[in-house]
Amino acid sequence: MHDEVFTKENCTMLSQFLEQTNHDNVRAKMLELIQTWAYAFRNSERYQAIKDTMTILKAKGHQFPELKEADAMFAMDTAPNWTDGKKCHRCRDDFSFTNRKHHCRNCGQVFCGQCTSKSCPLPKFGIEKDVRVCDGCYAQLQRPTSAKASGGRAGENDLPAEYLNSSLAQQVQTPPRKTEQELKEEEELQLALALSQSEAESKKQQQQQQQPSQQQQPQQGASTNQ
């Protein structure tokens with residue numbers, strides 16, 4: 001959304017409208033918004049146009065209102081750039097004609113359809129409708145709401161967002177898929193353990209059966225001596 005609004009053409013049009021309007025309250029509000037946007041994106045080269053617009057208006061003598069940093073915080077978060085890859089960022093499956101790639105609108109990483117089955121709005125990016133997000137981001141975004149509903153404080157015992165959005169966290173959430181050879185070896189191991197347990201139980205039963213006969217032999221010898 002920001003990419004569409006803060007183009008050079010739109011910023012020029014905004015500046016022209018500001019200079020042509022005869023309404024002081026409209027001009028003051030526009031100056032306030034331009035200053036807020038310029039401050040919010042001061043570290044982003046992608047939105048240089050809005051910062052240049054503010055510089056030009058200052059040079060022309062326009063007086064900007066006092067900046068309230070708290071009011072500018074709403075625009076600090078910008079949607080991340082989309083990454084590309086040949087494998088799903090979470091399950092590591094290769095992309096193909098049938099396994100298509102999808103991007104999480106929250107972290108920008110690329111996933112398969114199964115790992116981006118959730119959707120939710122992203123108000124921090126100005127997105128009010130439900131959009132596709134990965135399972136990891138969905139769990140992270142829903143956690144504050146769940147904590148509030150349960151009476152707890154949001155953020156307690158939470159892992160850092162940097163870790164939750166990393167490939168390491170995504171891989172840990174889904175166990176690696178085993179190959180046919182690994183499954184066969186695991187099956188043989190379970191069979192061997194079952195046979196070993198069966199043999200142990202059989203020996204235990206034989207020992208229990210032999211104990212009564214061994215106890216009877218000394219008694220029979222004693223009666224013979226008498």
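Helices α2 and α4 are roughly parallel to each other, with axes that come within 9 Å and cross at roughly 30 degrees. This arrangement belongs to a predicted model, in which the mean pLDDT of the protein is 75 and 69% of its residues reach 70 or more.

**Packing of α2 with α4**

- Helix α2 covers residues 8-20, and its crossing with α4 is right-handed.
- On the α2 side, the residues in contact are Lys8, Cys11, Ser15, Leu18 and Glu19, while α4 contributes Ala49, Ile50, Thr53 and Leu57.
- By class, the α2 and α4 contact comprises 5 nonpolar, 2 polar and 2 charged residues.

**Packing of α2 with α3**

- The axes of α2 and α3 lie 9 Å apart, and the two helices pack at an angle of about 150 degrees.
- Because angles over 145 degrees count as roughly antiparallel, α2 is assigned that orientation relative to α3.
- The crossing of α2 past α3 is left-handed.
- Helix α2 makes this contact through Leu14, Phe17 and Leu18, and α3 makes it through Val26, Arg27, Met30, Leu31, Ile34 and Trp37.
- The α2 and α3 contact divides into 8 nonpolar residues and 1 charged residue, with no polar residues.

**Packing of α3 with α4**

- Helix α3 spans residues 24-40 and helix α4 spans residues 48-59; their axes are 8 Å apart, at an angle of about 130 degrees.
- That angle makes α3 oblique to α4.
- The α3 and α4 crossing is left-handed.
- Leu31, Ile34, Gln35, Trp37 and Ala38 of α3 are in contact with Ile50, Lys51, Met54 and Leu57 of α4.
- The classes represented in the α3 and α4 contact are 7 nonpolar, 1 polar and 1 charged.

**Loop between α5 and β1**

- Arg92 is placed in the loop between α5 (69-72) and β1 (101-103).
- The phi angle of Arg92 is near 70 degrees, a positive value in a residue other than glycine.
- Arg92 counts as partly exposed because its relative accessibility is 37%.
- Lys86 also lies in the loop between α5 and β1.
- With a relative accessible area of 72%, Lys86 is exposed.
- Not counting residues up to four places away in sequence, Lys86 touches Asp93, Asp94 and Phe95.
- Lys86 and Phe111 are 25 residues apart along the chain, and their C-alpha atoms are separated by 9.6 Å.

- Residues 72-76 have pLDDT under 50 throughout, and the model gives them 10 contacts beyond four places in sequence.
- The pLDDT is also below 50 over residues 145-157, a stretch with 4 contacts in the model beyond near neighbours in sequence.

Key
Residues numbered from 1 in each chain as written. Predicted model: local features only at pLDDT ≥ 70, side-chain atom pairs only at ≥ 80, totals over all residues. Heavy atoms only, no water. Axes fitted to C-alpha atoms, helices over the stretch in contact; angles between N-to-C directions. Helix = DSSP H or I, 4+ residues; strand = E, 2+ residues; numbered from the N terminus. Parallel < 35°, antiparallel > 145°, perpendicular 65-115°, else oblique. Left-handed = near helix turned anticlockwise from the far one by under 90°. Contact = heavy atoms within 4.5 Å. Nonpolar A, V, L, I, M, F, W, Y, C, P; charged D, E, K, R; others polar. pLDDT = per-residue confidence, 0-100. Buried < 20%, exposed > 50% of the residue type's maximum accessible area, 1.4 Å probe, protein only.
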